[in-house]
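Good morning, and thank you for coming.

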Amino acid sequence: MTAERIARIEHALHQALVPELINVIDDSARHIGHAGARDGRGHFKVLVVAEAFRGQAPLARHRQVYAALADLMQTDIHALNIKALTPDEWHAAAV
Amino acid sequence: MDIMKHIKQQIESNPIILYMKGTPEFPQCGFSSQTAQALLTTGAQFAYVNVLEHPDIRQNLPHYADWPTFPQLYVNGELVGGCDIVLDMYQNGELQQLIDGAAQSQA
């Protein structure tokens, strides 16, 4: 279930944002028992590195990620921890 | 009143308003808790709405500013963001600046 969900999330992000790098982590285990976890949707952490974010404020970047995942927000995702960087920012942070 | 009008009025009449799950004292979600904590460190007074007690707001607020999740922080009528954005701004000092500015325009 986790692997399939992660694959669906990665696929949707690839389609929408043509990212250089994606990393999706299922963080649901940390939220078991939490009210939001009861409907079966999960908590995920996503890192997306994409040119599409260049020149955009964090709000706009997160909106793009949410838009890419809009359908999955209804079925698979309850909460999302988002890190959205341009390739330049990612390389600067990784050094 | 129409729920979208009600939300608009709430956001426009409160310079700093946090829509969250639970309350700052008894948050019921980790993301809401962290966001409220960051906001409390600014020392400013802020309004909050517990969306768990207002299902109509919980259902409709995501359409108001095209933002699907909670918490949501609004300052001077504008969506600032959710937990990740508010925490980043807390860490780089921008949150304090923004809140100080909002508190000043209120005075």
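Between them, chain A and chain B bury about 1,200 Å², and 63% of that area is on carbon and sulfur atoms. Please bear in mind that this is a predicted model. On the side of chain A that touches chain B, helix H2 (58-68) and strand S3 (77-85) of chain A each supply at least two residues. By class, that side of chain A has seven nonpolar, five polar and one charged residues.

In terms of residues in contact, 13 from chain A meet 15 from chain B. How many salt bridges does the rule find across the interface of chain A and chain B? The number is zero. For polar contact, the rule finds five residue pairs across this interface, both residues of each pair being at pLDDT 80 or more.

Setting aside neighbours within four places in sequence, Tyr19(B) is in contact with a list of chain B residues, including Ile7(B), Ile11(B), Val49(B), Val51(B), Ile57(B), Leu61(B) and Phe70(B). Gln10(B) and Gln72(B) are also among the contacts of Tyr19(B).

Finally, a charged residue: Arg5(A), in helix H1 (residues 2-17) of chain A. Is Arg5(A) buried or exposed? Arg5(A) counts as buried because its relative accessibility is 8%, under the 20% cut-off. Beyond its neighbours within four places in sequence, Arg5(A) is in contact with Gly40(A), Arg41(A), Gly42(A), Phe44(A), Thr75(A) and Asp76(A).

Note on methods. Residues are numbered from 1 along each chain as its sequence is written. Chains are lettered from A and ligands numbered from 1 in the order in which they are written. This is a predicted model: local features need pLDDT of at least 70, side-chain atom pairs count only at pLDDT 80 or more; totals for chains, interfaces and linings use all residues. Side-chain values use heavy atoms; hydrogens and water are left out. Contact means heavy atoms within 4.5 Å. Buried area is the accessible area (1.4 Å probe) that two parts lose on being put together, summed over both. A salt bridge is a side-chain nitrogen of Lys or Arg within 4 Å of a carboxyl oxygen of Asp or Glu. A polar contact is a pair of N or O atoms within 3.5 Å; within protein, one must be able to donate a hydrogen and the other to accept it, and residues adjacent in sequence count only if both atoms are side-chain atoms. Helices (H or I, at least four residues) and strands (E, at least two) are DSSP runs, numbered from the N terminus. Buried means under 20% relative accessible area, exposed over 50%, partly exposed in between (1.4 Å probe, protein chains only).
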